[in-house]
Structures are given as structure tokens and as C-alpha cells.
Amino acid sequence: MYAQNRIVTGFVTDSSAQPLQGVSVHFTDNFKRGTLTDYKGHFEISVPENVNALTFSIVGYTTLTIPISGEVLNVVLSATSGSLNDVVVTGINIVKKKYYTGASTVLTTAEVEDKPVGSFDQVLQGRVPGLLALTESGQPGNAADITIRGQGSISGGSYPLIIVDGIPVEQAAFQGMNQNDFETINVLRDASASALYGSRASGGVLVITTKRGKPGKIKVTYDGQMGVKFKPDFGFQMMSTKQLLAAQEAYGAIAGDIASTPNMPGWYYSQNNPRYQTLS
């Protein structure tokens, strides 16, 4: 029986010549008989004589059926152009966005990363409807005052509940997190959030999922920021000492304020100052 089979080997790569691991290689008419590619994209499969083609499939890439023309078969898979359906992470489960009846906003990594702000919560300003994020300064780690759909309590706080990977996080600890480590940010803004988390969610909920490791080659990236500061150009000419004393003398003569003359030497020592007449 084994003599009637033939061994077919090869490599599976993507359009950029990177090996694809975990690609399913199986008989076209039998999905249960097949193998998977290793981390180098290599596969080896025993094929009966009556099988004339192999099917290659993996999530995110087009499925190809390739005729067997020899003992070596190299395949290139292209990424699918269609995108996955948008989903909303509510904390308890994940539902498709079109089936979620509550008010929510989903932010992607590209919308929040590499933004020069003091803390992540400042990035939300202007990106989430009904959310107001105000900060007193741009000092790193300085928390912003977040209010979702107005002030909900007179004496209680209005800061939303923060859930990171299913774990509630205090506001002080949240300020030190790197926004570039976030994969998705879901902002729940209505009463449905209270149904999930109770009274803690009266000010809204920020549900954050962080990035995780992915199979493939190691990638190292670097992001940096720099600024340049110049001496300000005031656009006016400074007075000389003679001009300043003359201006102070003229101002003192108009104001006639003797009490403030020690602050204006030009008027204090002026012959027109009434104090000379008092002394004489």
C-alpha cells in the first residue's frame, strides 16, 4: 500500500516571501487527511496515486488548490482583502457590533498610539462622542478629568470604570500604562454598562485589551519624539537707559503719583517731581 503513495514536500510563503506556519495542507476531497506547515513553512505529506491536487488554507489568506505536478510543491498565499466584522468587547462576552444595542465606541491602535500626551486618557478627547477629557497640564502621568455624558452625581466621582484584560484597574495605576500596548479600546457609555458592572459603571466603562504575542519572526520597532526650542523673537526694540528714564519722567509728570515714585527712578530724581518743591 505504501508503494502506491508518493511523498510531496514543499514550502508555503506569503506574498513577501515570509514562511507561513500552521497552514493546512490536505487532500482536496478529504479534509481529514492532511498535515500542517512548520515554523519554516515546510510541509511533507504522503499522497496516494489517485489524488491529483492539494488544498492549502489558513485564516486571513486565500485558499488555493494546486495540482500535483511533481514531488516538490512550493505555494505562495496572498492575504485576503476583506476585513473581519467589527466586534464590541463588553467585558463578559464579545458580540458583533451590529448586534450590540448599547452606545459604544471602538478605538483601534492606530487612533491612540504615538500621540504626544501626558497620559492615555487625554487621547480620548475628541475621539469618543459624549466624552469630555480635561487636564490642567501636560505633565507626564497627570490624570485627566473624564466625564461621559455629563456629571452623573453631585457628591460622587464621575471617572469611568477601567477594565484591562478583564481586571478592574485603579485610576492611579492606569496613568502609568503605555497606550502603545493597547490593542483595542471599547468605551461603553449608557445604562447597558451598568447592567454588566453594577453601580461602579455609573460613569461609563473603558474596556481595554492589550496586545499579545503573535507567531512569526521577531520584530523590533523604535518610536521617538523630539522638539526644538528657540529664543523668542519679540519684534520690538528695547529702550536704552536714557530713554527709559525719560519715559518714566514723562509718565510721572502726567500721573503725579508721588507715592510710587521710588519704583520709577526717572521720575523720582526728576526736577519736575513735586517732592523737590516740598523739600525747598
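Strand β5 (residues 53-57) runs antiparallel to strand β6 (residues 64-67), the two being joined over four bridges. Two strands count as paired if DSSP finds at least two bridges between them. Helices (H or I, at least four residues) and strands (E, at least two) are DSSP runs numbered from the N terminus. Ala 53 has Pro 67 of β6 opposite. Six residues lie between the strands of this hairpin, where Gly 60 adopts a positive phi near 95 degrees.

This is a predicted model: local features need pLDDT of at least 70, side-chain atom pairs count only at pLDDT 80 or more, and totals for chains, interfaces and linings use all residues. Residues are numbered from 1 along each chain as its sequence is written, and side-chain values use heavy atoms, with hydrogens and water left out.

The protein chain contains six helices and 16 strands. Of its 280 residues, 31% are buried. Buried means under 20% relative accessible area, exposed over 50%, and partly exposed in between (1.4 Å probe, protein chains only). The accessible surface of the chain is about 18600 Å², and carbon and sulfur atoms account for 55% of that area. Accessible areas come from the Shrake-Rupley method with a 1.4 Å probe; for residues, only the protein chains shown count as cover. For contacts between residues at least 6 apart in sequence, 49% join residues at least 24 apart. A contact means heavy atoms within 4.5 Å.

Strand β16 (residues 205-210) is mostly covered, with six of its six residues buried. Val 205, Val 207 and Thr 209 point one way from the strand, while Leu 206, Ile 208 and Thr 210 point the other way. Strand β16 pairs with β13 as well as with β15, as tabulated here.

Ile 167 belongs to strand β14 (residues 167-168). This residue is exposed, its relative accessible area being 53%. From Ile 167 to Val 207 the C-alpha to C-alpha distance is 9.4 Å, across a sequence separation of 40 residues.

The search of the whole structure returns one salt bridge. A salt bridge is a side-chain nitrogen of Lys or Arg within 4 Å of a carboxyl oxygen of Asp or Glu. The side chains of Arg 212 and Asp 165 form a salt bridge, at 3.9 Å from N to O. Arg 212 sits in the loop between β16 and α4 and Asp 165 in the loop between β13 and β14, so the pair ties together parts 47 residues apart in sequence. Arg 212 is exposed at 59% relative accessible area, whereas Asp 165 is partly exposed at 34%. Side chains of opposite charge can pair when their charged atoms come close.

The loop between β16 and α4 (241-255) also holds Val 228. Val 228 is exposed, with 61% relative accessibility. Together with Met 226 and Phe 230, Val 228 makes a nonpolar surface patch of about 440 Å². Patches are made of residues with over 30% relative accessible area and no salt bridge; like charges are joined within 9 Å, and nonpolar side chains (Val, Leu, Ile, Met, Phe, Trp, Tyr) within 5 Å.
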